[in-house]
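Q: Could we go through this structure together, one part at a time?

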Amino acid sequence: METTVSGRIAVTVEEGVEQLLSHCTKEIIEDVPLMRATGRVLARDFYSIFPIPHFRKAAMDGYAVHFSKIASATPRKPVVLPVTSELRAGSSMLHEGNQAAVRIYTGAPVPEIYDTVIMQEAVLSLEEEYPNVRFPHPTERGKHIAEIGEDIREGTLILDEGTVITAKEVSILASFGLHEVGVYRKPTVAIIPIGDELQLPGELLKPNHLYESNGFMLEARLKEIGANCLRYDPVPDHPFLIHSAIQTALMDADVILTCGGVSVGKYDYMLQVMKEISNQTLFTQVLLRPGSPTSAFVVNKKLSLHLSGNPSACFTGFELFVKPALLFKSGRKKFRNEVVEALLADDVRKPCPYPRYVRSFAEVRNSTLYVMPLTNDKSGNIAAFANTNALTLIPSGGQGAKKGDKVQLFQI
Ligand SMILES: Nc1nc2c(c(=O)[nH]1)N[C@H]1C(S)=C(S)[C@@H](COP(=O)(O)OP(=O)(O)OC[C@H]3O[C@@H](n4cnc5c(N)ncnc54)[C@H](O)[C@@H]3O)O[C@H]1N2
Ligand code: MOO
């Protein structure tokens, strides 16, 4: 961390992320119905409360036998057994012990006296020979029976706390008959766009104004990562109005997120206001492009994060700082951006004294990950968003980067 000539407190991306994480607390736990838990984060380790399957189960439609009874079977000398009763899924168990074989269907309970299920395709069961069935192959002892606990033993750790619940996890939880599950509460984030020039959709654009887009982008991204969002109408560049919007948001939200008005211009009031409101300044500049004015404060134990107004800087600031902090707060065990290596598919000619994250398109070709830096990637431009699926890190200094260089990226 260093203080720049402008009096701003500068950090690297890594330092900034660690600072935010160290000021984040996980949300409280709430119980929700299983079908409302999709996308939520499991708040407790889940141990199996009984074995699965919890009874011996047929895995095929066929015949349950004791292997010793058919071990000698050959196609020339099949074993013939009478079959007079059947077991189907959900059946109550037969009285055990007296029948050599029983007709059985997938999912049915298998009585203890049988150790093997022969698929119906492997026998000859002719109407005229009823109730006799011919077994021409011995097959294998134990075949086609799912034993108790074969899938999951009782008391096994199946799902870790911090796992995001998707259809796969729902399958496991539902199999244990759970109708409610403990998840972390979703954090609520207030989004406050700042700027005299910003207008809402549906409004007639005044001269030299533009439609507010960052707030909508941030709201969409918050929904994608599983946070609640309170998006405010744009607040004009006026310290009193900004102050009052943040005070209101602090009553309603767990995290404050603003965009715009955070740079060094005369009408950029964010830092001035936050110095009045906050208890602690974390950083007010990041050694990074785009998004160098990204700033963070703590107010009454809540994080207040301030992103640049330029759309690309706003997006990059969200991905690098806000997302990991919110994922951590939401209880997720995987909260950091997962960096992978790729080959640069074109030159990036722009030299930069700071690490630069460029919007880019990554794809696998011939088993190798390539990443194409998108052209026209100025911080204020939006066209590149149409094709972006990754942010690629171009290291600081030098002449940018060359086609074929190994670079790091994370997917978005
Ligand atoms: N003399 C200097 N000027 C600037 C510097 C600097 O170091 N010295 N930094 C530049 C950099 S880098 C950035 S990034 C911007 C950031 O400025 P702000 O974060 O204060 O953002 P604004 O000035 O309010 O807006 C920038 C740009 O983005 C448009 N904008 C703002 N909010 C929205 C929104 N919600 N939706 C769509 N577009 C938005 C705004 O109209 C501006 O065009 O400062 C540089 N200046
Ligand atoms: O840091 Mo600014 O974000 O270049 O656009």
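**The annotated domain**

Q: Which residues does UniProt list for "domain: MoaB/Mog"?
A: The unreviewed UniProt entry lists residues 190-328 for "domain: MoaB/Mog"; positions follow the numbering used here, feature names are shortened, and annotations may be inferred rather than shown by experiment.

Q: What should I know about the model and its numbering?
A: This is a predicted model, in which local features need pLDDT of at least 70, side-chain atom pairs count only at pLDDT 80 or more, and totals for chains, interfaces and linings use all residues. Residues are numbered from 1 along each chain as its sequence is written, chains are lettered from A and ligands numbered from 1 in the order in which they are written, and side-chain values use heavy atoms, with hydrogens and water left out.

Q: How much of residues 190-328 is helix and strand?
A: The chain there is 37% helix and 24% strand, and the end C-alpha atoms lie 17 Å apart. Helices (H or I, at least four residues) and strands (E, at least two) are DSSP runs, numbered from the N terminus.

Q: How do helices α5 and α6 cross?
A: The axes of α5 (residues 239-252) and α6 (residues 270-277) come within 10 Å and cross at roughly 50°. Axes are lines fitted to C-alpha atoms, for helices over the stretch in contact, and angles run from 0 to 180 degrees between N-to-C directions. The two helices α5 and α6 are therefore oblique to each other; angles under 35 degrees count as roughly parallel, over 145 as roughly antiparallel, 65 to 115 as roughly perpendicular and the rest as oblique.

Q: Which residues make that contact?
A: On α5 they are P239, I242, H243, I246, Q247 and L250, and on α6 M270, Q272, V273, M274, E276 and I277. Contact means heavy atoms within 4.5 Å.

Q: Switching to strands, what is the order in the open sheet of four?
A: The order is β8-β9-β6-β10, with mixed pairing; two strands pair if DSSP finds at least two bridges between them. At the edges are β8 (86-87) and β10 (116-119), each pairing on one side only.

Q: And how do β6 and β9 pair?
A: Strands β6 (residues 62-65) and β9 (residues 101-104) are antiparallel, with four bridges. The bridge partner of A64 in β9 is V102.

Q: What about β26, which strands does it pair with?
A: Strand β24 (residues 339-344) pairs with β26 (residues 368-373) in the parallel sense over two bridges, while β25 (residues 356-365) runs antiparallel to β26 with six bridges. Y370 of β26 stands opposite L343 and also opposite E363.

Q: What lies between β25 and β26?
A: Two residues separate them in a hairpin, and N366 in the turn has a positive phi of about 50°.
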